Every structure is written in C-alpha cells, then in structure tokens.
Amino acid sequence: MTPMRDRLIFTGQLAFTLAVAAFLIVPALLSMVAGVTTNYFRGVRSGFTLQWVMQVWELYADTIARSFAVALVTLAVTLVVGVPAAYALHVRGGRLSRTIEEIITLPLAIPGLAIALALLLSYGGFSDFRRSWLFIVAGHVVFTLPFMVRSVMAIFGAIDVKTLDESASSLGASPCRRFLDVIVPNARPGILAGSLMVVTLSLGEFNLTWMLHTPLTKTLPVGLADSYASMRLEVASAYTLVFFVMIIPLLVAMQMFADRSDREGARR
Amino acid sequence: MTVTQGVTVSVEGCAKTFADGTRALEPVTLDVARGETIVFLGPSGCGKTTLLRIVAGLERPDAGGRVLFNGTDVTGVTIEHRNVGMVFQSYALFPNMNVAKNIGYGLRIRGVGRAEREARVAELVALTGIEGLEQRRIDQLSGGQRQRVALARAVAARPSVLLLDEPLTALDAALRERLRWELDRLLRALGITTIYVTHDQAEAMALGDRVVVMRKGGIAQIGTPRDIYFAPANRFVAEFVGAANLVEASATNGTLMLPGGRLAIADSSAAGAVVAMIRPEAFQVIAAEGAALSGHVERVSFVGDRQRLTVSGAAGRPLMIDASNALEVQIGERIGLTVDPRAVRVLSGERQ
C-alpha cells in the first residue's frame, strides 16, 4: 500500500470518527450534562445539581415504571407467541409459512402511526381496554414480534432443528417435551438476542405509543416528549439522562449476548 | 452371546406421494424377521430413506399402506409411541446436553429412575467404547465418537427396532471401514431387529443378513448379500452391486458365442440372444494359445492388491478383468480368458 493511500484512509477514518463524535456523542453528553446543570443558560459555571433529576423522578416515576411493565409484558407475550410461532414456521416450511412470516414482518415497513391508527379504529371502542396500558402492550407486541420471530428463526436455520426434533421424537418425547427439552435450549442464543431487542425497542418506542397513550398511560418516551414541550430545558435533559441510564446497560448486554452467540456459532 | 430381541416388521403395500405430487415410493411389501439386519440399498432418490421413515413413523404411507410390528398395525401410531431407535445421517445429537445425557434421554422420557438410568448409560458407554467421554459436550467429539454416541442413544431404551439412516456416510473412508466392522459386531451383540439404509454396496454386503436393492421407488431385488452379488435379478442390480461385465451374446447348448471365442455356461436352458453378467474377478488370464476365448489388453490399471485390465475384442464391448497383481502383461498383448461356467449369470428378460 502506498503512503498516499494510507494517508487517505487515515483521513477518512478520522473524519468519520469526528462526525460520529460531533453528531452523536457530543449532543448526547451535552444533553446529559444539561440535566445536572443548575442553570443551562449560564452554563456549567452555575454549578451542578441533582434537583432536576429529582424533579423528573417525582413527576415521571410512574412513566418509568409503566415503561418497564409494558416492556416486560410485551417480552412475555412475544416469547410465548413468537418462539412457538418461529418453530412452527420453520418446521412446516413451504409457501404458507413464508407468507405468514412476511405478514408478521409487515409492521416493520408500515409507519407506527398507521398501525396505531388501525388499532384505534379496530379496538378503540372497547373503552376499558383502550384506557388501560395493555392497549399500548398490544401495539408494542405487533411492532416487536417480527424481531423475536426473526431472531429465533435465524437460529433454527443454523442448527437443523427439524432433525433434532425428529431424533427427540424417535426417543419417545412428546411434542411438548421436545419443544422444552431440545428446541428451546438450543435456540437460546436467538431467544436471548430477540428478548433484548424486544425490551430495548419497547422501552424506546414513541411513534405508536404516542398515538395509543392516554394522559394516564404515558410511557417514558411519551413523558420525555411531554417534558420537552412543557418543562424547562434542564428537566427535559435530566429526563434524557434517566433514559440513558436505563437503556445503556440493556444495549451493552445485547452486544455481549450477540458476541457470545457469534462465538458459539463459530465453534459449531 | 447373542440375545435376539425386537419385533418382526412388516410393510404392506406402502407407497408415498408427497404433497407436491412427487411419487417417492411405489407400493412396497416387505417382511423383516425378528433380530434380522436388513439393508435398504440404492442410489439417492430411490426411496430407501422414505421407506425407512415410514417404518419409523416420521412419514405416513399413502392410503392403503400398512406397517406392522409383531403383527400389530402401527400405521396410525406416531413415532414417539412406536418404541423405535433411530440413528440419523447427521446424528442429530442434542448440543445442549452432554454425552451421558444424550444417551440417557430416551430413558428419562420413559421415567426410568436415576440409578437405573446411570447404570444403563454406563453399560452402553462400555459397549460402544466411549469411556471417559461421558461429560463431554457434543461439539468436543470427533465424527466417529458422535456416531457411537448416536448409536448408544438409539438403543439405550431397548427399542423394538433399530433404524439407521446412512450412519457412516458423514465419516471419512478409513474411519468408515473401521466403524463398519464395529457396527456389525454391535448389531450382532444386540441381536435387535435392524433396518439400515445406505447407498454404499460394500456396507450393505458387510452388514446385512439380507439386502433390499431399491430403484426408482421400488424394490429391484431382495436377497442375501451372496444372492444379490452372484445372482442379480437384473441389469440394474448387477451394475449397482459391485462391478459387472454385461455381455450380449447368443447362447446355444450351454455355450455363449462371443466375437473373441466362446464361453461355457452352467445355464443350459438359455438360448438365443441373451445378456450375461460376469464379475471382473471371475475371469482367469491364461495363455492365448489354444484358449477358447481371447482378446487384446487395451489398458492396465494397477491398484495395488490387484490390477484391472480392459480387454477388447473378446466380447462386443471391452471387458473389465481383475487379474493378480503379480501377472506381467503388456498393453496390446493378446491374452486368453477362462471363466468358471457357474460364474456366468444369464440375466432373464434383459435385452439390449
């Protein structure tokens, strides 16, 4: 490689790194710093405080709790529905299975607002359901299910699950036993990856949720929008800080699991 | 000591048409004796695996077909209730369980107590010679070790019938040869009714009490390895099982008239234009002078334990002949050939 090309590549990489820093890391950090600054307009010289974080906690603790509840219930539903669905779609195969898979995947392509509108049109009349946070769960399940199904199916594709299933059946295992003893344990990396994806997506989902929420069923991102619109800047920033603190461990865990299943995949 | 166990297996008129309309199996009827090892042999796509899967309960035969174990109709019984043991080509060992847990899985499903289970696993570990590997993960095993674990797992719960689907195909040639003997020893020791599927005729010969040669979804011939080798029913069996020279000639009074001379045959009833099969090793090379049949050596291929000659001019098409590796022969040389009359097999109903 010529020194000229080396320098070009280096310059390109440097420019990319700086761009990431400028547009991703710096704004995020600034926002978080703003959340602990006494007065943003006077800058960090005004001193640091946790009062905005406390205020967020007082005003929005319920949205945080609700967001986690929604995420966990969404996860439970996608696990109970998505894993057996992925298994059935994979083992059955054929055109019907592919069509169903595409239908499940459709919500990825449709704007969240449109899905929310469709849900409201169809089920908005059931007022108890519409007013409860389970209505948001329904929207989140529609939105996150393809991620679960896809990531579990990817694993099934990699481990010849059909023959494993047949060999367990030849040893006398009922369909239910086979699913629990053989299918689920061997699909674990995919299930874990799918679960983290579902939780992360659900926690951060705004689009759908904004349409589906009521004043009493705000989630964290909706509360964030609310605080941006109606609170002072420091409170909104403190809210961002709270959101980061919650979401980053999840992202790190997701990355770790992804790495581990990559390594396991390589060993096979 | 051989303890014969297992059931008789009967297949009655089992055909298989897949959902897309492909006819994988023509109606097949077949009986397997108790304790017998029967081999389904044929090229890929001949329906042998489909037939095995029908016996296993992994496929249902088309309407009208029946599978019976010990005379009891099991056609509608799912595989998990048929009490079969099965070894898959890919072994399909459970990666989430270690070796001992894989072997003990069928016993665990049947609710066998821990102590008894461990004793049986230890017994099978010893029988298959995989001592010391009990706690290994599946991805830490070699191909041969996996094959043994798969076999141990399949027989652990004392199945009525053992089904093996190309169990040696995934291994390299040298290992395959060694495991073939080992498998033969094990099957004899277990004395269990066994159905073995393979496309390798040497494997079929070495392992089978009887061999079912299959072709295009049907049975071409059923017989002992010697039957199908020395007395193939037709051209397909002759050519698929071992190497064969198919010679077209006219027969009269126990003699085949060939371009390069004549050959005595044991079958004196053969008359007119016939197709006869002669195995390459049945020929003996003799001096050309005074020989009843002779030809020219066209090619010599030395393979160590023997040499294969291609001899032209003796029959309508060049003959393959296995000669002793000590024989000194030149290309272009004229040699005489002789064959034991009993080794010339006239194939009935074959025309060019």
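**The nonpolar core**

Begin with the largest nonpolar core, which has 155 residues; Val152(A), Val55(B), Leu163(B) and Val213(B) have the most contacts inside it. Such a core is a set of buried Ala, Val, Leu, Ile, Met, Phe, Trp, Tyr and Cys residues joined through C-beta atoms within 7 Å. A residue is buried if 20 or more other C-beta atoms lie within 10 Å of its own, exposed if 12 or fewer, and partly exposed in between, with C-beta atoms placed from the backbone. Select helix 6 (residues 134-159) of chain A, which gives the most to this core, with 14 residues. Helices (H or I, at least four residues) and strands (E, at least two) are DSSP runs, numbered from the N terminus.

This is a predicted model, in which local features need pLDDT of at least 70 and side-chain atom pairs count only at pLDDT 80 or more, whereas totals for chains, interfaces and linings use all residues. Residues are numbered from 1 along each chain as its sequence is written, and chains are lettered from A and ligands numbered from 1 in the order in which they are written.

Next, centre on Val55(B). Leaving aside neighbours within four places in sequence, Val55(B) is in contact (C-beta atoms, placed from the backbone, within 7 Å) with Val9(B), Val11(B), Val67(B), Leu163(B) and Ile195(B).

**A helix pair in chain A**

Select helix 2 (residues 51-92) and helix 11 (residues 220-230) of chain A, which pack at an angle of about 150 degrees with their axes 8 Å apart. Axes are lines fitted to C-alpha atoms over the stretch in contact, and angles run from 0 to 180 degrees between N-to-C directions. Helix 2 and helix 11 of chain A are therefore roughly antiparallel, the term for angles over 145 degrees. Display Tyr60(A), Thr63(A), Ile64(A) and Ser67(A) of helix 2, which meet Leu220(A), Val222(A) and Gly223(A) of helix 11.

**The chain interface**

Now show both chains: 19 residues of chain B are in contact with 17 residues of chain A. On the chain B side, strand 6 (84-87) and helix 2 (99-109) each supply at least two residues.

**Two positive phi values**

Finally, select Asp160(A), which has a positive phi of about 50 degrees although it is not a glycine. Asp160(A) is in the loop between helix 6 and helix 7 (161-170) of chain A and is partly exposed, with 14 other C-beta atoms within 10 Å. Is Asn83(B) buried or exposed? Asn83(B), whose phi is near 55 degrees, lies in the loop between strand 5 (72-73) and strand 6 of chain B and counts as buried, with 21 C-beta neighbours inside 10 Å.

Definitions and conventions:
Two residues are in contact if their C-beta atoms, placed from the backbone, lie within 7 Å. Angles under 35 degrees count as roughly parallel, over 145 as roughly antiparallel, 65 to 115 as roughly perpendicular and the rest as oblique.
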